[in-house]
Amino acid sequence: MSPVVELKEEQPIAFGIQDLNAWYGSFQALKNISMSIPEKRITAIIGPSGCGKSTLIRCLNRINDLIPDFRLEGQIYFKGKEINDPSVDPIEVRLRIGMVFQKPNPFPKSIYDNIAYGPRLIGVKNGSRLDGIVEESLKKAAIWNEVKDSLRKSALALSGGQQQRLCIARTLAVDPEVLLLDEPCSALDPIATGKIEELIYRLKEEYTVAIVTHNMQQAARVSNYTGFLLMGELVEFGPTEKIFTNPADSRTEEYITGRFG
Amino acid sequence: MKLEGMHLQRMLRGQKRSERVFKIVAGGALLFALVALAILIIDVFLDGFRRLDWQFLTSFPSRKPERAGVLSALVGTVYMMGLTALLAFPIGVGAAIYLEEYARKKNWFSRLIEVNIANLAGVPSILYGLLGLELFVRMMGLGRSVLAGALTMALLVLPIVIIASREAIRVVSPAIKEGSFALGASRWQTIWYQVLPIAFPGILTGSILAFSRVIGEAAPMITIGALAFIAFLPDSPLSPFTVLPIQIFNWVSRPQKGFFTCAAAGILILLAVLLMMNAAAVFLRQRYQKRLYL
């Protein structure tokens, strides 16, 4: 049974996911997932640990291709094109669909080189153009004022929250259409979390955002749509307001009222 | 459960005692190794240091101990070392990259290769000498040349270089690699821009230590027939050559007392070359780590 996908408003669809099943070796992590992720909105995926929410989001930019035992069935359409089609280059997918990970993972390079890494890979060599991209990306990620005087210093010297905003800036530097955020605040303190949430909220003006979180308040605060996953199944998906005030499934209600998870 | 005062005291005393015993045993083991090494070095030093002069460094071997020197052996060692490094380093690092980054699906074939590499690292060096004699000296017709020696030594150190490089590559955090892939990097770009810069200090240290093992090896050089009496310097990779361990071995086996002193002086020079290589390993590691912003 796949839940009915109803969107509150007429909004173009970025991702259409159909009958998605995924395995790590013989363990099935996702079961018959069907859902739509609307463009330029924030979609949150919630659920208890091990429910498959990270697996789901990691399918969307084909980063799970790198895991040797991983196997996938079903379709993921991005702007009408099946991203797992043999004719699609995973590198193009990852350029258009950026990802920020749970633990901040800055490269052991300078702040500048962290941001310039992606643009350089696609052949941007011009120094002043790189300077422009670095400044613009850091500004978009709301960290420019904190680092503008230390661009040549190590990215590892930044605090955890700054590192995570740097990673967001690094992702924005290759000008993606989508931002996938895999529990971006789980390693951060409440103040750093607040800054990132504020940032995410502003980013939906320009980007489609999908965020995985085990923090339900966070999902309620920032997202427009919410999907609730349980043991690899999508229990419920719909406008965040409805999921949190009037869930259709009793399991969703139990989870959001804190009875398990 | 609450421990009573007396009982607790007794237990803590027992722990303190075993702590002390272990410290003494471990310290004793270290002391034993250091003392043995010190005796060896001091003994060789007393025997050989008077013979260490400019004449000894710049002379070819001679029938008269007071006119003999290590020039051809020293140059031969450095020449062969350089060629060995040139051959073994790229091949070894390449193999390590392949095993760690490309052959990631564990099947019987990759396991077979892994077990084999580990076994090859343990094969006695004289067997490599026999292989080199058959393959390089005879079949490939390279003769008893520096190149044949270097190829043999390259085979000898390859497993060690591969194992050291793999360990250095494995330390690179998967999070860094994922970050790179997520920005649209290909596997090769990720290896080149992320994995190798981080792994390089470790690869370098492991490899230099492996190469410094090469300069002490005498057995394979004897089998491939590096001669002891070479009164000229190798002028091409195909010239005959000799190396320090063989020169030392030759001197030790002579009856005259003077050659015994020459052997001791030769050992001191071998030790000096080893120390310089290890110092280079430390220096290079420091330098590359600083560049990394770690």
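1. A salt bridge here is a side-chain nitrogen of Lys or Arg within 4 Å of a carboxyl oxygen of Asp or Glu. The count between chain B and chain A is 1. A:Arg58 pairs with B:Glu178, and their closest N and O atoms are 2.6 Å apart.

2. The model is predicted: local features need pLDDT of at least 70, side-chain atom pairs count only at pLDDT 80 or more, and totals for chains, interfaces and linings use all residues. Residues are numbered from 1 along each chain as its sequence is written, chains are lettered from A in the order in which they are written, and side-chain values use heavy atoms, without hydrogens and water.

3. On contact (heavy atoms within 4.5 Å), 22 residues of chain B meet 25 residues of chain A. The buried area is about 2100 Å². That is the accessible area (1.4 Å probe) that the two parts lose on being put together, summed over both. Carbon and sulfur atoms give 62% of it.

4. Now B:Gln194. This residue sits in helix α8 (residues 187–214) of chain B; helices are DSSP runs of H or I, at least four residues, numbered from the N terminus. B:Gln194 has a relative accessible area of 1%, so it counts as buried (under 20%, 1.4 Å probe, protein chains only).

5. What is B:Gln194 in contact with, leaving aside its neighbours within four places in sequence? From chain A, the list holds A:Phe107, A:Pro108, A:Lys109 and A:Tyr117. From chain B, it holds B:Ile176, B:Ser180 and B:Gln189.

Key
Helix = DSSP H or I, 4+ residues; strand = E, 2+ residues; numbered from the N terminus. Buried < 20%, exposed > 50% of the residue type's maximum accessible area, 1.4 Å probe, protein only.
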